Amino acid sequence: MLLHDDTIDRTTNNSGHVSEMSLEQMQRLDAGNWQRGPTLEEALDVAGRAVGMILELKVVGIGNEGCAIVKRTGFPGPLIYASFLMPELQRVRQTDPDAKMMVLQHRRLPPDPVADVVALDASHVGLHFSTVTPMLLQTYHNLGRQVFVYTVNEPQDIQRMRNLGVDGIISDFPDRI
């Protein structure tokens, strides 16, 4: 199932942790108007050639399965695997050497914020917008990496990110971008 949150509380008619539920249980939930959350296969099918996807790997051990599903469906659009979990991105790299990957950095940057990006040969970096500086952005750009920022919702923050020259903005309000 595709779900951003660790729990089903905010997006369905029930409550509980996703990790404690089976696929069958998840598919019985009402996500509003009698709709249910999609599986990865369903989302890839709907997206088709119309849009690209950033597929965030949030569960330990999911990288290989995620790659296998993407390959099996033959998804034709651009796809970036993203994660805070470096072992999952390593699994993706082993499974698909040509995969585009985004190393997600926490709000508290590591001592060397470039190391994992270079080690994984990641094409993208995901930074919390509050951590972006012109120097850090330039460092990543000099390495040929694209920088996306998350989760930028306020118009003044969106404008600041645009002015800095980030490559992508992730927001809960895409109409503001």
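The model is predicted. Glutamine 105 is located in the loop that runs between strand S3 (100-104) and helix H5 (115-119). An aromatic pair is formed by phenylalanine 84 and tyrosine 150, and both of these residues are among those that glutamine 105 touches.

**Glutamine 105**

- Glutamine 105 has a relative accessibility of 5% and is therefore classed as buried, the cut-off being under 20%.
- Leaving aside residues up to four places away in sequence, glutamine 105 is in contact with Phe84, Pro110, Pro113, Val117, Val125, Gly126, Leu127, His128, Tyr140 and Tyr150.

**The aromatic pair**

- One aromatic pair is counted.
- Phenylalanine 84 belongs to the loop between strand S2 (79-83) and helix H4 (86-95), whereas tyrosine 150 belongs to strand S5 (residues 146-150), so the pair ties together parts that are 66 residues apart in sequence.
- Phenylalanine 84 is partly exposed, at a relative accessible area of 28%, while tyrosine 150 is buried, at 14% relative accessibility.

**A charge over a ring**

- Arginine 176 is placed over the face of phenylalanine 173, and the distance to the ring centre is 3.9 Å.

Note on methods:
Residues are numbered from 1 along each chain as its sequence is written. This is a predicted model: local features need pLDDT of at least 70, side-chain atom pairs count only at pLDDT 80 or more; totals for chains, interfaces and linings use all residues. Side-chain values use heavy atoms; hydrogens and water are left out. Helices (H or I, at least four residues) and strands (E, at least two) are DSSP runs, numbered from the N terminus. Buried means under 20% relative accessible area, exposed over 50%, partly exposed in between (1.4 Å probe, protein chains only). Contact means heavy atoms within 4.5 Å. Rings of Phe, Tyr and Trp (its six-membered ring) pair if their centres lie within 6.5 Å; planes under 30 degrees apart count as stacked, over 60 as edge-to-face and the rest as tilted. A charge sits over a ring if NZ of Lys or CZ of Arg is within 6 Å of the ring centre and within 35 degrees of the ring normal.
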